[in-house]
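Please look over the sequence and the model below before reading on. The paragraphs that follow go through a few places in turn.

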Amino acid sequence: MNKILKLALVLFLICAIVAGILGVVDLVTRDRIKEYQTNKTNRARAAVLEVKVPEGEEQYVDIDLKALNIPTTVTANGQDVEILSAAQAADASGYVVETKFSGAQGSIVMIVGVSNDFTCTGISITQHSETPGLGAVAAGDTQKGRDFRASFEGVDGSVQLKDIDAMSGATITSKGVTAATAAAIQFVEAMVAAK
């Protein structure tokens, strides 16, 4: 019985020390991680919608999705797409919409640029867990990935898989990206109509 209590006490102390170390690491890295994510999102926004404002000024004005009276889950091409955030360009040239949807291997987060005439100005995949060499190519910096993303430029909210340059071997990813692009454009249309 005495041995069991000693082992329990040692295990408790080890757990307490590890929990304390993890807490300190979280405290030290939390702000850096948040800053990194913000910079990554801003670079993705800039890649999909060019904004012409003086250097140092905010390029995008975030939109409070809770204040809108429209759903933040949009069904496009038979797939549900969650709208995570939306912002209007500071120069009023369009909108950027952050979406989350299902891919072949898990969730994909993508930013879609939408012009004032409700067409796609570009897409940028910021998070994914797709298969390397297949679905991951959509986010990659290869010619095939750039061509795939470029095929969405100029499409509207009725875009279907047949309208874009889909990736062979990555049909689920291609369908998801197409649905998310259509959903983002449809969301902006509903948002503008609700104003």
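Is Phe148 buried or exposed? The model is a predicted one, and in it Phe148 has a relative accessibility of 0%. Buried means under 20%, so Phe148 counts as buried. This residue is found in helix H2, which covers residues 143-150.

What does Phe148 touch? With neighbours within four places in sequence left aside, Phe148 is in contact with Ala138, Ile164, Asp165, Ala166, Met167, Ser174 and Val177.

The partners are Phe148 and Phe152, with ring centres 5.3 Å apart and ring planes at 85°, so the pair is edge-to-face. The cut-off behind that name is an angle over 60 degrees between the planes. Phe152 is buried, as is Phe148.

The view can now widen to the helix as a whole. Which residues of helix H2 are buried? They are Gly145, Phe148 and Arg149. Seen down the axis of H2, these buried residues fall within an arc of 95°, so they line one face of the helix. What the buried residues of H2 pack against is strand E6, residues 120-127, and helix H3, residues 171-194.

Strand E6 leads on to a loop. Between strand E5, residues 107-115, and E6 lies a loop that holds Phe118. Phe118 is not a glycine, yet its phi is positive, at about 60°. Its relative accessible area is 22%, so Phe118 is partly exposed; the cut-off for buried is under 20%.

Where is Ala92 placed? It sits in the loop between strand E3, residues 79-89, and strand E4, residues 94-102. Phi of Ala92 is near 60°, a positive value in a residue other than glycine. With a relative accessibility of 41%, Ala92 counts as partly exposed.

The next stop is helix H1, which runs over residues 2-48 and includes Arg45. The relative accessible area of Arg45 is 9%, so this residue is buried. Apart from neighbours within four places in sequence, Arg45 is in contact with Tyr60, Asp62, Ser85, Ala87, Val96 and Ile111.

Arg45 is also one of the residues that line the largest pocket. How much space lies in the largest pocket? The volume is about 290 Å³. Besides Arg45, the lining consists of Gln37, Thr38, Thr41, Asn42, Glu57, Glu58, Gln59, Tyr60, Asp62, Ser85 and Glu98.

H1 and strand E1, residues 60-62, each supply at least two residues of the lining. By type, the lining residues divide into 1 nonpolar, 6 polar and 5 charged.

Methods:
Residues numbered from 1 in each chain as written. Predicted model: local features only at pLDDT ≥ 70, side-chain atom pairs only at ≥ 80, totals over all residues. Heavy atoms only, no water. Phe/Tyr/Trp six-rings, centres within 6.5 Å; stacked < 30°, edge-to-face > 60°. Buried < 20%, exposed > 50% of the residue type's maximum accessible area, 1.4 Å probe, protein only. Helix = DSSP H or I, 4+ residues; strand = E, 2+ residues; numbered from the N terminus. Arc of directions from axis to C-beta. Contact = heavy atoms within 4.5 Å. 1 Å grid on protein atoms, 1.4 Å probe; cavity = no way out; pocket = protein on both sides within 12 Å on 5 of 7 lines; lining within 4 Å. Points joined across faces, edges and corners; volume = space filled by probe spheres on them. Nonpolar A, V, L, I, M, F, W, Y, C, P; charged D, E, K, R; others polar.
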